[in-house]
Amino acid sequence: MSFTTLAHHIDLDWLGEAHRLTRKDGAVGVDGQTAEAYAVNLESNLQSLLDRAKSGTYKAPPVRRVHIPKGKGNETRPIGIPTFEDKVLQRAVAMVLESVYEQDFLDCSYGFRPGRSPHQALQSFREQMMAMRGGWVLELDIRKFFDNLDHAHLREMLGLRIRDGVLKRLIGKWLKAGVLEEGHLHRPQAGSPQGGVISPILSNVYLHFVLDTWFEQEVLPRLKGRGFLVRFADDAVMGFACESDARRVLEVLPKRFARFGLTLHPTKTRLVKFTRPPYRDPPKGQEPATRPGTLDLLGFTHYWGRSVRGNWIVMRKTARSRLSRSLRTINQWCRTHRHLPLIDQHRALSRKLQGHYAYYGITGNYAALRCLWQGVQRSWKKWLSRRSQRAYLDWGRFHCLLGRYPLPPPVVVHSVFRRVAKR
């Protein structure tokens, strides 16, 4: 069923709720307007925005593009920053689209959906892989997905459910708004700016048709064994019980994505043998069986390991690249902020560690958390010792300093055992 009238839901109260949900401390767009300045005459500004959106006179301003480090730091990721008023209107439209498409999205999709998180995606992969007792995993990496999102295909997909003229017109304006980079304005023919408020829901709609429903309706009925899909935004993995099924899907995947203007990364898209090792180790003198491979998903490396009871289970630890990046970033922060008062440095480092624990603090990852905790201590000591020629700290004096300004120790925030106890 397609909806022909949806814009009447967007009224002044709806925009007020969208303004409340919009982040207030984000970077400013091309007009330089801050959230505080917009809130001075909030009601009149929202009423003007509502009138322009409904009458069709609203002009979507171009997004300001910045580049942030990606991966090891030798690559960058382009991020588009809309104006604050544009963020509010995009949030209002995204709230309408979420109400419609949450009825359609499948359980395998976890990215940018209300009530869903990356830890749920990680847990889903772990449970399904252990229930299947291992298998073959197909890692998908879509090359520059947000830059290559085809506008014609996206409009066709949206038209299956959304036929409201106001919403379609606004989405079309955002897709054609253009990008302002280093003073030059260009209007790409494809893509949706990564960082825009409307981009996550549009990307979910696109991949829902390209990947999710295709896998559910076309791939699963043709498999010889079991299979599953877990997707978080444009990061996805497929699990298969049979190698032949995995290789058949790997062969047809590039054709499927090329049909919608997308390409898979030739080296990062790979098939991993993730079968469970034998229960007992081989006798002495006999060569051990080939160990299963490992795979990275949402910042964690997944591998088979022994539990406390000696059973093979899927374990997770912080990916090496993510751990190195965190250590490198904190070391650079300590270097550039070493002349701040100790209480300010301690407060900032504590927040950084607690934020890291909040995401990476899962069962079985304590060793990696402790590695970061010790690395932060070494970096802090190193750069405190270089504040002046007489500021050198030996480890004895530094431990006394830690007694007064202790860094938060590693903590497992997302415990498997607590989840089992709740059940």
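This is a predicted model: local features need pLDDT of at least 70, side-chain atom pairs count only at pLDDT 80 or more; totals for chains, interfaces and linings use all residues.

Colleague: Which polar atoms lie by the side chain of Thr-269?

Modeller: Two backbone atoms are worth a look. A polar atom of the Thr-269 side chain lies 3.2 Å from the backbone nitrogen of Asp-141. On the oxygen side, the backbone oxygen of His-265 lies 3.1 Å from a polar atom of that side chain. Setting aside neighbours within four places in sequence, Thr-269 is in contact with Glu-139, Leu-140, Asp-141, Leu-250 and Leu-264.

Colleague: And Phe-260, where is that?

Modeller: Phe-260 is in the loop between α10 (243-258) and β8 (270-275). Phe-260 counts as buried, at 10% relative accessibility. Leaving out neighbours within four places in sequence, Phe-260 is in contact with Asp-150, His-153, Met-157, Tyr-206 and Val-210. For a sense of scale, Phe-260 and Gly-80 are 180 residues apart in sequence and 23 Å apart in space, C-alpha to C-alpha.

Colleague: Now the rings. How do I read a pair of them?

Modeller: Two values describe a pair of aromatic rings: the distance of the centres and the angle of the planes. In this structure the count comes to 14 aromatic pairs. Tyr-359 and Tyr-360 make one of them, edge-to-face, with 4.8 Å centre to centre and 85 degrees between the planes. Tyr-359 is partly exposed at 22% relative accessible area, whereas Tyr-360 is buried at 8%.

Colleague: What about the rings of Trp-380 and Phe-398: how are they arranged?

Modeller: Their centres are 6.1 Å apart and their planes meet at 85 degrees, so this pair is edge-to-face. Trp-380 belongs to helix α13 (residues 366-384) and Phe-398 to helix α14 (residues 395-404), so the pair ties together parts that are 18 residues apart in sequence. Trp-380 is buried, with a relative accessible area of 0%, and Phe-398 is buried at 0% too.

Colleague: Which residues form an aromatic cluster?

Modeller: Phe-125, Phe-228, Phe-274 and Trp-304 form one. Rings can also have a charged side chain over the face. Arg-116 lies over the face of Tyr-110, 4.7 Å from the ring centre, and Lys-381 lies over the face of Trp-395, 5.0 Å from the ring centre.

Colleague: You mentioned α13. How do I check the length of a helix?

Modeller: Compare the expected span with the distance between the end C-alpha atoms. The 19 residues of α13 should span 27 Å at 1.5 Å a residue, and the end C-alpha atoms are 27 Å apart, which agrees. The buried residues of α13 include Leu-369, Leu-372, Trp-373, Val-376, Trp-380 and Lys-381. Among the elements covering the buried residues of α13 are β11 (312-318), α11 (320-336), α12 (342-360) and α14.

Colleague: What follows α13? I'm looking at Ser-388: where is it found?

Modeller: Ser-388 is in the loop between α13 and α14. Ser-388 is partly exposed, with a relative accessible area of 43%. The C-alpha atoms of Ser-388 and Ser-199 are separated by 48 Å, and the two residues are 189 apart along the chain.

Colleague: Which residues does Met-238 touch?

Modeller: Not counting residues up to four places away in sequence, the list includes Trp-136, Leu-211, Phe-215, Phe-228, Val-249 and Leu-253.

Colleague: And how many residues of α4 are buried?

Modeller: α4 is mostly covered, with 15 of its 18 residues buried. From its first C-alpha to its last, α4 reaches 25 Å, close to the 26 Å expected at 1.5 Å a residue.

Conventions: Residues are numbered from 1 along each chain as its sequence is written. Side-chain values use heavy atoms; hydrogens and water are left out. Rings of Phe, Tyr and Trp (its six-membered ring) pair if their centres lie within 6.5 Å; planes under 30 degrees apart count as stacked, over 60 as edge-to-face and the rest as tilted. Buried means under 20% relative accessible area, exposed over 50%, partly exposed in between (1.4 Å probe, protein chains only). Helices (H or I, at least four residues) and strands (E, at least two) are DSSP runs, numbered from the N terminus. A charge sits over a ring if NZ of Lys or CZ of Arg is within 6 Å of the ring centre and within 35 degrees of the ring normal. Contact means heavy atoms within 4.5 Å. The expected span of a helix is 1.5 Å times one less than its number of residues. A polar contact is a pair of N or O atoms within 3.5 Å; within protein, one must be able to donate a hydrogen and the other to accept it, and residues adjacent in sequence count only if both atoms are side-chain atoms.
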